Amino acid sequence: MNTFLILLRGVNVGGKNKVPMAKLRACLEDAGFSNVSTYIASGNVIVDSNKPAGEVKTQIEELLPRCFKLDNKLVKALVLTHGQLRTIINAKPESFGEYPHKYYSDVIFLIDINAVQAMAIFDPREGVDKIWPGEGVIYSQRLGVERTKSRLNRIVGTPLYASMTIRSWSTTTKLLDILNARKSV
């Protein structure tokens, strides 16, 4: 049995694609996933499955529109193993996420694109934004007192944005804590 973290893109954002977490858990359990849990309402799901990650991704992306009224063009799933998430966290840039009182730190998870492709759409504002490519992610940091001057939101209107889902650094590390706890049980 494999444990997977599923990051859903495009659910519960701006009042669109509403997916109540209790109904999501029930939908996934009915589809054969076990030990289903969610963390906050932004589409973070942990499941156990005997299927490989690619099959889990396909099944989730086909299942969600059947269980919920969704705009299929917005919704995607990224399926990660415990080891993949741990690697993303361990590979963070030096001091990234360590000064939450000063910086907003986010991990931009890439779905079916790589960091080289994704980096092309970023235009960081000097003194405000910093971005670093990673394996399957972009690490993004914004200076808190200047966050309204950040250019991060400019990626939203680009075609590549449909292949990204963003999690705060605190959410990302909390998800690893949850996976670590499940593994130790």
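Reader: Okay, starting with the helices: which handedness does the crossing have where α1 passes α2?
Author: It's a right-handed crossing. Keep in mind that this is a predicted model.

Reader: And what's the angle between α1 and α2, and how far apart are their axes?
Author: The two helices pack at an angle of about 125°, and their axes are 11 Å apart. Angles from 65 to 115 degrees count as roughly perpendicular and those over 145 as roughly antiparallel, so α1 and α2 come out as oblique to each other.

Reader: Which residues make the contact?
Author: On the α1 side you have Leu24, Cys27 and Leu28. From α2 come Ile60, Leu63, Leu64 and Cys67.

Reader: How many of those are nonpolar, polar or charged in the contact of α1 with α2?
Author: There are 7 nonpolar residues, with no polar and no charged ones.

Reader: What about Ala26, where does that one lie?
Author: Ala26 lies in helix α1. It's partly exposed, with a relative accessible area of 32%.

Reader: Switching to the inside: which residues touch the most other members of the largest nonpolar core?
Author: That would be Ile6, Leu8, Leu24, Leu28 and Ile60, out of 22 residues in that core.

Reader: And which elements give two or more residues to this core?
Author: The helices on that list are α1 (21-30) and α2 (53-67). The strands are β1 (2-9), β3 and β4 (76-81).

Reader: Leu24 keeps coming up. What is Leu24 in contact with, leaving aside its neighbours within four places in sequence?
Author: Leu24 is in contact with Leu8, Val19, Thr38, Val45, Leu64 and Phe68. There's also a second, separate core of 18 residues, and Ile46, Leu80, Phe109 and Tyr139 are among them.

Reader: Now loops. Where is Gly43 found, and is it buried or exposed?
Author: Gly43 is found in the loop between β2 and β3. At 0% relative accessibility, Gly43 counts as buried.

Reader: What does Gly43 touch, not counting residues up to four places away in sequence?
Author: Gly43 touches Ile6, Leu7, Leu8, Val11, Met21 and Arg167.

Reader: And how many Å apart are Gly43 and Gly134 in space?
Author: They're 22 Å apart, C-alpha to C-alpha, and 91 residues apart in sequence.

Reader: I also saw Ile40. What is its phi near?
Author: Phi of Ile40 is near 45°, which is a positive value in a residue other than glycine. Ile40 lies in the loop between β2 (34-39) and β3 (44-49). With a relative accessible area of 44%, Ile40 is partly exposed.

Reader: What about phi of Asp112?
Author: That one is near 65°, again a positive value in a residue other than glycine. Asp112 lies in the loop between β5 (103-110) and α4 (115-119).

Reader: Why does Asp112 count as exposed?
Author: Its relative accessible area is 62%, and exposed means over 50%, so Asp112 falls in that class.

Reader: Let's go on to α4. Is Ala115 in that helix buried or exposed?
Author: Ala115 lies in helix α4, and it's buried, with a relative accessible area of 10%.

Reader: Which residues is Ala115 in contact with, leaving aside its neighbours within four places in sequence?
Author: Those are Leu110, Pro133, Gly134, Val137 and Ile138. The C-alpha atoms of Ala115 and Gly136 are separated by 6.1 Å, with the two residues 21 apart along the chain.

Reader: Last one: where does Asn153 lie?
Author: Asn153 lies in the loop between β7 (137-143) and β8 (164-168). It's exposed, with a relative accessible area of 56%. Asn153 and Phe122 are 31 residues apart in sequence and 9.5 Å apart in space, C-alpha to C-alpha.

Technical notes: Residues are numbered from 1 along each chain as its sequence is written. This is a predicted model: local features need pLDDT of at least 70, side-chain atom pairs count only at pLDDT 80 or more; totals for chains, interfaces and linings use all residues. Side-chain values use heavy atoms; hydrogens and water are left out. Helices (H or I, at least four residues) and strands (E, at least two) are DSSP runs, numbered from the N terminus. Buried means under 20% relative accessible area, exposed over 50%, partly exposed in between (1.4 Å probe, protein chains only). A nonpolar core is a set of buried Ala, Val, Leu, Ile, Met, Phe, Trp, Tyr and Cys residues joined through side-chain atoms within 4.5 Å. Contact means heavy atoms within 4.5 Å. Axes are lines fitted to C-alpha atoms, for helices over the stretch in contact, and angles run from 0 to 180 degrees between N-to-C directions. Angles under 35 degrees count as roughly parallel, over 145 as roughly antiparallel, 65 to 115 as roughly perpendicular and the rest as oblique. A crossing is left-handed if the near helix is turned anticlockwise from the far one by less than a right angle, and right-handed if clockwise. Ala, Val, Leu, Ile, Met, Phe, Trp, Tyr, Cys and Pro count as nonpolar, Asp, Glu, Lys and Arg as charged, and the others, Gly among them, as polar.
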